[in-house]
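Subject: Structure handover

Hello,

Here is the structure we discussed. Please look it over; my notes follow.

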Amino acid sequence: MEANDEINELVGDIWGSVLGIPATPADSSVRVEELRLTGFVHIQGDWEGTVTVDCPVPLATTAAAAMFGMTVEELTKDEIDDALGEITNMTGGGIKSMLEGSCKLSLPTVIEGRGFTVNVPGAALVTDLNYSAGGSWISVRVLERVDETGPTSGSELILRTGA
Amino acid sequence: MKNVLIVDDSKAMRMIVSRTLRQAGYGDGNLREAADGAEALVAIQADKPDLVLSDWNMPEMNGIELLRALRAEGNDVRFGFVTSESTTEMREVAISAGAEFLIGKPFTAEDFADIIGD
């Protein structure tokens with residue numbers, strides 16, 4: 001199985017099985033003008049990089065309502081951030097499990113805003129996957145840290161296949 | 001199984017684990033929660049749960065540090081990880097430290113029933 005297929009399956013499981021919001025691969029990309037949440041987790045070790053999960057605030061709110069078993073009106077901002085943080089953690093953890101070698105996952109961070117782009121200094125975008133979910137969109141990106149000699153892994157083929 | 005302590009820094013995940021436990025048939029007993037390893041250590045000493053389900057990656061005291069602290073003080077409570085990081089290496093570390101199992105996120109009620117058992 002290709003790495004992107006594994007990530008597609010992972011994202012489908014998290015949004016579909018856990019949240020009851022089916023997510024299917026789509027051609028769309030991040031719509032920077034929308035008010036959105038972005039979750040980050042960093043991976044350090046034999047492979048170093050960052051996994052980001054982006055989605056509009058209304059979809060993150062729907063996901064949080066599903067997680068907490070509450071209505072969207074009852075949710076606080078902290079709960080919505082917590083939900084996207086956990087979604088990011090599950091996504092990053094799943095991607096980490098596809099990596100060769102020994103790595104550690106950071107705690108998640110979540111930011112909210114519109115019109116911003118995400119740059120991780122010293123990292124290059126290696127995977128950019130987009131999904132349609134709940135009438136909205138999700139973006140999952142993997143950025144790999146690079147040094148003067150190239151990616152920390154020495155190869156972009158670090159993702160295990162068939163895992 | 002009567003008392004389960006759920007340890008996770010994410011309130012959302014504690015709720016999901018709690019809901020999944022009920023779906024898997026473990027809803028009859030007390031389902032308690034702790035937000036990190038340090039809080040869990042105090043709760044375990046006080047409440048003596050039958051099972052601890054812990055996240056791995058948490059602030060203050062993480063899951064493996066909690067498990068090692070428990071075993072170091074002679075506490076042999078049933079202990080399993082529920083974590084997004086279920087690599088072979090982590091599984092080996094968990095088992096060698098005294099964990100009974102490691103459940104990867106995302107999970108289902110069937111996963112809980114199969115792995116946790118009676």
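Buried here means under 20% relative accessible area. By that cut-off, both Phe107(B) and Phe112(B) are buried. Keep in mind that this is a predicted model.

Aromatic pairs

The count is three aromatic pairs over all chains. In one of them, the ring centres of Phe79(B) and Phe81(B) are 5.2 Å apart. Their planes stand at 65 degrees, so this pair is edge-to-face. Phe79(B) is buried, at a relative accessible area of 1%. Phe81(B) is buried too, at 0%. Phe107(B) and Phe112(B) make a tilted pair, with 4.8 Å from centre to centre and 35 degrees between the planes.

In chain A, look at Arg36(A). Arg36(A) sits over the face of Phe116(A), 3.8 Å from the ring centre.

Interface

Chain B puts 19 residues in contact with 23 residues of chain A. The area buried between the two chains is about 1,700 Å², and carbon and sulfur atoms give 55% of it. On the chain B side, Asn57(B), Ser84(B) and Pro106(B) lose the most area to chain A. Together they make up 27% of what that side buries.

Three salt bridges link chain B and chain A. One salt bridge is between the side chains of Lys105(B) and Glu86(A), at 2.9 Å, N to O. Between the chains, 12 residue pairs are in polar contact. Two elements of chain B, α1 (11–23) and α4 (88–97), each give two or more residues to the side that touches chain A. The largest share, six residues, comes from α1(B).

Best wishes

How values were computed. Residues numbered from 1 in each chain as written. Chains lettered and ligands numbered in written order. Predicted model: local features only at pLDDT ≥ 70, side-chain atom pairs only at ≥ 80, totals over all residues. Heavy atoms only, no water. Phe/Tyr/Trp six-rings, centres within 6.5 Å; stacked < 30°, edge-to-face > 60°. Buried < 20%, exposed > 50% of the residue type's maximum accessible area, 1.4 Å probe, protein only. Lys NZ or Arg CZ within 6 Å of the ring centre and 35° of its normal. Contact = heavy atoms within 4.5 Å. Buried area = accessible area lost by both parts, 1.4 Å probe. Salt bridge = Lys/Arg side-chain N within 4 Å of Asp/Glu carboxyl O. Polar contact = N/O pair within 3.5 Å; in protein donor to acceptor, adjacent residues only side chain to side chain. Helix = DSSP H or I, 4+ residues; strand = E, 2+ residues; numbered from the N terminus.
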